[in-house]
Amino acid sequence: MDDVLLVVAELVANAIRHTDGPSSLHLELLDDAVDVCVSDPSPRPPEPRTPRTDGTGGWGWFMIQRLATHVRIRPAVGGGKIICAKLPW
């Protein structure tokens, strides 16, 4: 459950921090996994950064990739993108 909360927090924070406009969160409980999807108005995919130890970030996308069993990015209807991360439950 902690991994799911971390990924939700990171995806939502990134949508707020790096885009302008509304975002949405959709969680779906599958048989043995949770699908976490966040949409935002930007069509640009996430840009991985080198993680920094001085508190300026760069860990989020790396963390999502490590915790999720599958990450996918697809265009949203009407513009923007949807990022989905599947995590074990």
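In this predicted model, helix α2 spans residues 60-67 and buries Gly60, Trp61 and Ile64. These residues lie on the same side of α2, because they cover an arc of only 95 degrees around the axis. They pack against three elements: α1 (2-18), β3 (70-75) and β4 (81-88).

Helix α1 has 17 residues, which at 1.5 Å a residue should span 24 Å. The end C-alpha atoms of α1 are 24 Å apart, in agreement with that expectation. Its buried residues are Val4, Val7, Val8, Leu11, Asn14 and Ala15. Viewed down the axis of α1, they fall within an arc of 140 degrees, so they line one face of the helix. An α-helix has 3.6 residues a turn, so residues three or four places apart point the same way. The face of α1 turned away from the buried side carries exposed residues: Asp2, Leu5, Ile16 and Arg17. The cover over the buried residues of α1 includes β1 (24-29), β2 (33-40), α2 and β4.

The two helices also meet directly. The axes of α1 and α2 come within 10 Å and cross at roughly 145 degrees. The crossing is left-handed. From α1, the contact draws on Asp3, Leu6, Val7, Glu10 and Leu11. From α2, Gly60, Trp61, Met63, Ile64 and Leu67 take part. The contact residues divide into seven nonpolar, one polar and two charged. Val7 and Leu11 of this contact are among the buried residues of α1. On the α2 side, the contact includes Gly60, Trp61 and Ile64, the buried residues of that helix.

Note on methods: Residues numbered from 1 in each chain as written. Predicted model: local features only at pLDDT ≥ 70, side-chain atom pairs only at ≥ 80, totals over all residues. Heavy atoms only, no water. Buried < 20%, exposed > 50% of the residue type's maximum accessible area, 1.4 Å probe, protein only. Helix = DSSP H or I, 4+ residues; strand = E, 2+ residues; numbered from the N terminus. Arc of directions from axis to C-beta. Contact = heavy atoms within 4.5 Å. Expected span 1.5 Å × (residues − 1). Axes fitted to C-alpha atoms, helices over the stretch in contact; angles between N-to-C directions. Left-handed = near helix turned anticlockwise from the far one by under 90°. Nonpolar A, V, L, I, M, F, W, Y, C, P; charged D, E, K, R; others polar.
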